[in-house]
Amino acid sequence: MALMKTYCIIGAGPAGLCTARHALDVADSSSAVTVFEQTDKIGGLWAYSDSTGKDRNGLDIYSCLYASLRTNLIKQGMGYPDYPIDEDAKTFVTIADVIKQLEGYVDKFQLRRVIRFEHQVIRVTRRFESEQWDVLVRDLCNDRYTTHRFDYVLICNGHYTSPVVPKFPGQEIFQGRQIHSREYRRSVDFSNQRVLVVGGGHSGVDIAPDLANYASRVVLSHRCKIPVHTGNRVVQRPEVRLLTAAGATFVDGETEDFDVIIYCTGYRYSVPFLSVDSSVSVHSNAITPLYYHCININQPSMAFIGLPFNGCLMLMMDLQARFCLKFFSGQKRLPTQEEMLEEWQRDRREREQRNLTGKLTHMLAGDLQQRYYDDLARIADIESLPPVLAKMHADCINSKNEDVNFRNYEYRIVDDHSFIKLPLPAENVDTTAETA
């Protein structure tokens, strides 16, 4: 009689939850599926906390959200195919909307029974003689270490565990406060302070106008001019050249004094628990070699769920989970290692031609998004995502880059290929929450 296949899922955020839901569908028993979550909550980065720094177990608090957050992505791309965001919620939802959806999803599919909260994965090593994985886990409440053995490992620890802080000359002599955006919670904490925000990505563009409600001055430093609420007293500056004891000098030669510097400079992928024998490389913020950005080609009983970005993330995670588990469960046979490497190299060559290398290696740019969804579905014989979702996502991103008031619109799906976009009635326009 064949032995029961066992599945280890690392993380109980959006990626881990949908992976657990689908693993339970293919597993012989619920005891074959185990989710290790090092906090005491589901939700990953969506598990908002006012606290920053370390948690009660001495581990980094990974929630990088701030209190007034509203998403900068449409809600239709935020839910799961079988459990969407509440229909009555606004197009651009809040933390509470997302947590409500995730809690409902967990209850519907009875996922808590397989989640081990406050269990930290320390090391994942390969047992070559049995073709299994040894997973060393620390029970944080009892400070007890146990090694568990699994047939498959699915890594769902998210994008936001390792913040990137750029280096500037003089950084060590600046006498004010320096923090990464993951420590930002409320603008009122910066009342009457002069704040420099470094970085013009999603978080920088959102945090700067939020700060301006209370800070005495807000300067946003970045490479190129971007739409920001000028009425909120946000001043745009070019890149920082160096820091001084009192402030910063910019590349145009201008100097200004600041009390606080907030680095909105993103994150890097981090998998510190993987041993060398996992046979993947983490370099230039890319994890390789992976078959379709998820299955470890050298050890194809390991997968990464949620690496690609610039897409309908939770829907994509669900699709990736279904894709991987179709093979892990034995319902379909994986291509040979040689065939998977050929596909990875083909994808890499195309990305090089499009300048999608380094930190952009896993980006679903332009037409790559829908093609990626359709490829996963075709190869695994599973249902893809309707094209309307990628179209809405692209329109939302374009609007965000051009119009600071992009959240004052409502998106509605007409059919699998088309949508409508309507301005919100004046009474429903939110003029107080510009963050996302």
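**Entry 1: ground rules**

I started with the elements: helices (H or I, at least four residues) and strands (E, at least two) are DSSP runs, numbered from the N terminus. The model is predicted; local features need pLDDT of at least 70, side-chain atom pairs count only at pLDDT 80 or more, and totals for chains, interfaces and linings use all residues. Residues are numbered from 1 along each chain as its sequence is written, and side-chain values use heavy atoms, with hydrogens and water left out.

I looked up E118 in the loop between β3 (115-117) and β4 (119-127). Its phi is near 55°, which is positive in a residue other than glycine. Is E118 buried or exposed? E118 is buried, because its relative accessible area is 9%. I used these cut-offs: buried is under 20% relative accessible area, exposed is over 50%, and partly exposed is in between (1.4 Å probe, protein chains only).

I then turned to S284, in the loop between β18 (281-283) and β19. S284 also has a positive phi, near 55°, and is not a glycine. With a relative accessible area of 43%, S284 is partly exposed.

Next I found a cis peptide bond between T288 and P289, with omega about -10°. P289 belongs to the loop between β19 (286-288) and β20 (290-291).

**Entry 2: two helices**

I noted how such a pair is described: by the angle between the axes and the distance between the axes. Here the axes of α1 (residues 14-26) and α4 (residues 313-328) come within 9 Å and cross at roughly 35°. Axes are lines fitted to C-alpha atoms, for helices over the stretch in contact, and angles run from 0 to 180 degrees between N-to-C directions.

Which residues of α1 and α4 make the contact? From α1, I listed P14, A15, C18, T19, H22, A23 and V26. From α4, I listed M314, M317, D318, A321, R322 and L325. Contact means heavy atoms within 4.5 Å. The contact residues are nine nonpolar, two polar and two charged. Ala, Val, Leu, Ile, Met, Phe, Trp, Tyr, Cys and Pro count as nonpolar; Asp, Glu, Lys and Arg as charged; the others, Gly among them, as polar.

**Entry 3: rings**

How many aromatic pairs does a search of the whole structure find? I got 18. Rings of Phe, Tyr and Trp (its six-membered ring) pair if their centres lie within 6.5 Å; planes under 30 degrees apart are stacked, over 60 edge-to-face, the rest tilted.

I picked F36 and F150. Their ring centres are 6.1 Å apart and their planes are at 80°, so the pair is edge-to-face. F36 is in strand β2 (residues 33-37) and F150 in strand β6 (residues 144-150), 114 residues apart. Both F36 and F150 are buried. I also found a cluster of Y80, Y83, Y105 and F109, linked by ring pairs.

Then I checked charges over rings (NZ of Lys or CZ of Arg within 6 Å of the ring centre and within 35 degrees of the ring normal). The charged end of R126 is over the ring of W133, 4.6 Å from its centre. K421 lies over the face of Y409, 5.0 Å from the ring centre.

**Entry 4: two single residues**

I looked up S399 in helix α7 (residues 387-402). S399 is buried, at 11% relative accessible area. Beyond four places in sequence, S399 is in contact with F406, Y411 and K421.

N192 is exposed, because its relative accessibility is 65%. Not counting residues up to four places away, N192 touches Y214, A215 and S216.
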